[in-house]
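Okay, everyone, thanks for coming. Let me put the sequence and the model up, and then I'll walk you through the links between side chains.

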Amino acid sequence: MAAFVAIIVFYLVLLQTPTNIFAVKDEEEWKSATATYSKETDGSIVTEGACGYGDLHKISYGKYSAGLSSMLFNRGSTCGACYELRCVDHILWCLQGSPTVILTATDFCPPNYGFSSDYGGWCNFPKEHFEMSEAAFAEIAEKKADIVPVQYRRVRCDRSGAMRFTVSGNSRFFQVLITNVGMDGELVAVKVKGSRTGWIPLARNWGQNWQSNVNLHGQPLSFEVTSSSGRALTSYSVAPGNWQFGQTFEGKQF
């Protein structure tokens, strides 16, 4: 009888366990794509990109950054998302053991319709393609390869430290760039609140830059962000009342 009761209790606990506790890391199956790399002397793919992150080394993405074809970039909504890649199905170019590398989406790989999608037009729609740094590419394939078949999947973004908010603009225009986002890595909604305002929804300007035509000077700022999985996180009084444009502040982390 005691054993029967124990089994019932075990199943009741399972039923009450949140369904998303195991989410993010294994939410997607492997999918097929291709990958190339861009030669950069400092080990990163770019220092400026379509997501607006600026110097990728300063925000810690560095060499583990990638430009995505339009099929994956989705007009910038996937900026900050993390992908795990492995080289497959090429005995000459893929490294033995199929090692993987985790990349952050930081840039857009534009189409080039002057070339065939089979050679040169890697990012032509509807191709799914990753343009990597040379250093990251070398972790999964031989550098003498020009393009390799890969498999990819979305994974959890494991970030070190807090989420970062960099403010810019002027007295009639407010913009915030949000970086170092954990969990999904990608945000779908952002709100800001001054000490003298309610919560103000921000519109996506480009990448992970969010904007509003509002003057928030002289007010401590709080931010509410929502990830692509629907989880919201609020960081209160991130910036003090004397904040200035160009400054970066730290908030909570998923």
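So, Glu139: this one is partly exposed, at a relative accessible area of 29%. By that I mean it falls between buried, which is under 20% relative accessible area, and exposed, which is over 50% (1.4 Å probe, protein chains only). Its partner is Lys63, and the two side chains form a salt bridge at 3.3 Å, N to O. Lys63 is partly exposed too, with a relative accessible area of 28%. A salt bridge here is a side-chain nitrogen of Lys or Arg within 4 Å of a carboxyl oxygen of Asp or Glu.

Before I go on, a word on what you're looking at: this is a predicted model, where local features need pLDDT of at least 70 and side-chain atom pairs count only at pLDDT 80 or more, while totals for chains, interfaces and linings use all residues. Residues are numbered from 1 along each chain as its sequence is written, and side-chain values use heavy atoms, with hydrogens and water left out.

How many salt bridges does the structure hold? Six. Another of them pairs Glu134 with Lys143, at 3.5 Å, N to O, and Lys143 is partly exposed at 41% relative accessible area. Then there's Asp158 with Arg156, at 3.4 Å, N to O. Asp158 is exposed, with a relative accessible area of 64%, whereas Arg156 is partly exposed, at 31%.

Right, on to the cysteines. Searching the whole structure turns up four disulfides, a disulfide being a pair of cysteine sulfur atoms within 2.5 Å. Count the bonded cysteines along the chain and the pattern reads 1-2, 3-8, 4-5, 6-7.

Take Cys82 and Cys157, joined with an S to S distance of 2.0 Å.

Which hand does the link of Cys51 and Cys79 have? That one is left-handed, at -80 degrees about the S-S bond. Cys51 and Cys79 are both buried as well.

Last one from me: Cys109 and Cys123, S to S 1.9 Å. The torsion about their S-S bond is about 90 degrees, so this disulfide is right-handed.
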